[in-house]
Amino acid sequence: MDIKYGLSATFNSAKDLYDAAGKIRSEGYTNWECYTPIPVHGLDAQMGVGRSKVPLFTLAGGITGFFTGMLIVWYMNSFDYPLIVGGKPYFSPIYPFPVFYELTILFAAFGTLFGMFFLNGLPRHNHPVFEHPNFGRTGDDRYLVVIEVEDPKFDDEETKSFLKELGGKSLTMIREPVMN
Amino acid sequence: MNSEEVLSVTGKYDLSTKLLAGSILGLGVGSIGLITGLAIGDKSPFLGWLWGCSFWLSIAIGMLMLIMIFRIFNSRWTPVVRRQLEHCLASFPWLGLCFLPLLLIAWFGGDQSGILWSWINAQNETFDPIKQITVGEDVLYQKKSGYLNLYFFSLRMILYFGIFCGLSHWLRKVSFSQDLDGNPEWTRKGLKVSAIGIPAAALALTFGAFDLFMSLEYQWFSTMYGVWFFSSAIRASLAVTILICIYMSAEGRLKGLYKQAHQYDLGCLSLAFTVFWAYISFSQYFLIYSANIPEETFWYTIREIDPNTGNLSGWFWVSMGLIFGHFFFPFLFLLSYHRKVNRSQIVFIACWILAFHALDLYWNIIPGREIIPGAKVGYETRSVLGSHLFWGVFSFLGVGCLSVWAVIRSFQSKAAEIVPIRDPRILDSIHHHE
């Protein structure tokens, strides 16, 4: 048994894909993706994809790290076991500052890495688009557009004729196998 | 509208004349300050003069370093920006001229020769916790006298400005000549000049910071001081670069050439050097705080408390202002992508950084120990506001007008195109994208 994942169309050049992406966007589709063999500059903006949300995770990680560092130093050196080292106060933002900023950097790096994983839905071992019989050619010379059936505007017939109108070739309905 | 019309202000006099008049006025009042200072033995006008000159010098030094760094990395996005910096290097000889009075007074000032840098006159009183002594009797001076003596000091000053002016001359020549004949050999020459120039200018600015600022309190030690000056200079010069590029882009000459991608990269560099400045400034404080040696800690103590009463002084608030206004605010502000590419926001933060850079130099130059025999600890600290600020503002504006005048003269001179049109990387730079 299988379920429909999305309708795909191929394009022969980056320019064709770029123009088609603009039209798909203005048509109002939201759940769709481009697969290209090379990076196409400006495609993100053309598709209407905003900037990545990863920096927010980085910032959250950094702030968490800073206060974790403070908490560690305050708890160990001032609360749990007050100890005078080198005539410095039990707790001060100055002498343990390296601890604060090292943890800021560490947690910001964690935030970046795991935020990226989270936003990309990683790790995952397979993707329905791999079921496309010629998906390998998007790593070589074909530009692929896939409009998912999840998209609120998706309609079997209308989307098909729309993609054909844009100049898309070899229209294929990608089907995702489902285990019973 | 051509460039002359844009640069000239409508009215009877053009901008260059007004700037020259401003510099004569500012430096004239500053000089009156120096003369009165000499007559009554007041150090304040000299500190003000040093502060005014150093602000503009630091911007020029930062630009010199940036150009050489761009060249040594063969960077492809920079030629459009680099040409604007090359024009700014025209201010170096004039800045050298502004420092000349300080050197002349050191040589010919007689009893007052050590009025700014007290170690120049061995008869000056100096601070000692136990007894009243002169500079010549101070062991901290005696040990440093091989370096801190007037002959070597003057030689170094000439060397510093020789290096700065020489490198500026060569970098401008290499770049402007390429506009005429398009020979790629000039790019290779630029690379060679930068390879020699980076260590030379780095040494000059490091020891320059030691001589000009650190030797105001010759007892003090800090090996990080040169790096602090470097990071400050780069921050200030990046801010001025952003302002110039945005102005020229808005006014038309760089329209379409100075792109959002350039803006973003300059914004990223500003953020990076904001962090670097904080890292260096904090590290200097941190090492001195941890080691806790009186010869070093006094420098920070007089920037925090009034030593005679133990209360927080005005300098404490300036210090806090630097931590929050010169680091935390620009850091958090520049983190966002959108604020780095939004022109009005980046102009705001560039002006903010310049203002705090001026405050940072003020904080480094002005506070100092004035020997007052009756005082509880033997000295008093100069206050935040005072005649040094009054005289400083005039010197600051005077030197500023002179530098801007020299830069505008270079822009108008027709010696070079708006961008280096025959640079091998100019197309990469014009088509730069994120």
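Chain A holds five helices and four strands, helices (H or I, at least four residues) and strands (E, at least two) being DSSP runs numbered from the N terminus. This is a predicted model in which local features need pLDDT of at least 70 and side-chain atom pairs count only at pLDDT 80 or more, while totals for chains, interfaces and linings use all residues. Residues are numbered from 1 along each chain as its sequence is written, and chains are lettered from A and ligands numbered from 1 in the order in which they are written. Chain B comprises 16 helices and four strands.

**Overall dimensions**

- The radius of gyration of chain B is 22 Å, close to the 22 Å from the globule rule for 434 residues, so chain B is as compact as a globular protein of that length. This radius is taken over C-alpha atoms, and the globule rule is 2.2 Å times the number of residues to the power 0.38.
- Chain A, by contrast, has a radius of gyration of 25 Å, well over the 16 Å that the rule gives for 180 residues, so chain A is more spread out than a compact globule.
- Along the principal axes, the C-alpha atoms of chain A fill a box of roughly 80 × 40 × 30 Å, and those of chain B fill one of roughly 70 × 45 × 45 Å.
- Buried residues make up 21% of the 180 residues of chain A and 40% of the 434 residues of chain B. A residue is buried if 20 or more other C-beta atoms lie within 10 Å of its own, exposed if 12 or fewer, and partly exposed in between, with C-beta atoms placed from the backbone.
- Among contacts with a separation of 6 or more, residues 24 or more positions apart account for 79% in chain A and 75% in chain B. Two residues are in contact if their C-beta atoms, placed from the backbone, lie within 7 Å.

**Domains and element order of chain A**

- From the N terminus on, the elements of chain A follow the order β-α-β-α-α-α-β-α-β.
- The domain assignment gives domain 1 (9-50 + 129-161) and domain 2 (54-120) of chain A; such bounds come from an automatic or database domain assignment.
- The centres of these two domains of chain A, taken over C-alpha atoms, are separated by 43 Å.

**The sheet of chain A**

- Four strands of chain A form an open sheet in the order E2-E3-E1-E4, with antiparallel pairing. Two strands pair if DSSP finds at least two bridges between them.
- Strand E2 (32-35) and strand E4 (169-177) of chain A are the edge strands, each pairing on one side only.
- Neighbouring strands of this sheet are turned by 25° against each other on average, direction ignored. Axes are lines fitted to C-alpha atoms, for helices over the stretch in contact, and angles run from 0 to 180 degrees between N-to-C directions.
- Strand E1 (residues 2-11) of chain A is joined by six bridges to strand E3 (residues 143-148) of chain A, and A:Leu7 stands opposite A:Ile147 in E3(A).
- Four bridges join E2(A) to E3(A), where A:Tyr35 stands opposite A:Leu144.
- On E2(A), A:Trp32 and A:Cys34 form the covered face, whereas A:Glu33 and A:Tyr35 form the uncovered one.
- Helix H1 (residues 14-27) of chain A lies across E1, E2 and E3 of chain A, at about 20° to E3(A).
- Helix H5 (residues 156-165) of chain A lies across E1, E3 and E4 of chain A, at about 15° to E1(A).

**Nonpolar cores**

- The largest nonpolar core has 95 residues, and those with the most contacts inside it are B:Cys53, B:Ala60, B:Met63, B:Leu64, B:Leu89 and B:Phe164. Such a core is a set of buried Ala, Val, Leu, Ile, Met, Phe, Trp, Tyr and Cys residues joined through C-beta atoms within 7 Å.
- Helix H3 (residues 44-72) of chain B contributes the largest share of this core, 18 residues.
- Beyond its neighbours within four places in sequence, B:Ala60 is in contact with B:Cys88, B:Leu89, B:Ser91, B:Phe92 and B:Leu95.
- A second, separate core of 19 residues includes A:Ile24, A:Leu144, A:Val145 and A:Phe162.

**Backbone geometry**

- A cis peptide bond with omega of about -5° joins A:Leu122 and A:Pro123; A:Pro123 lies in the loop between helix H4 (97-120) and E3 of chain A.
- A:Ser170, in strand E4 of chain A, has a positive phi of about 35° although it is not a glycine. A:Ser170 counts as exposed, with 12 C-beta neighbours inside 10 Å.
- B:Asn292, likewise not a glycine, has a positive phi near 60°. B:Asn292 is found in the loop between helix H10 (260-291) and helix H11 (294-301) of chain B, and is exposed, with 11 other C-beta atoms within 10 Å.
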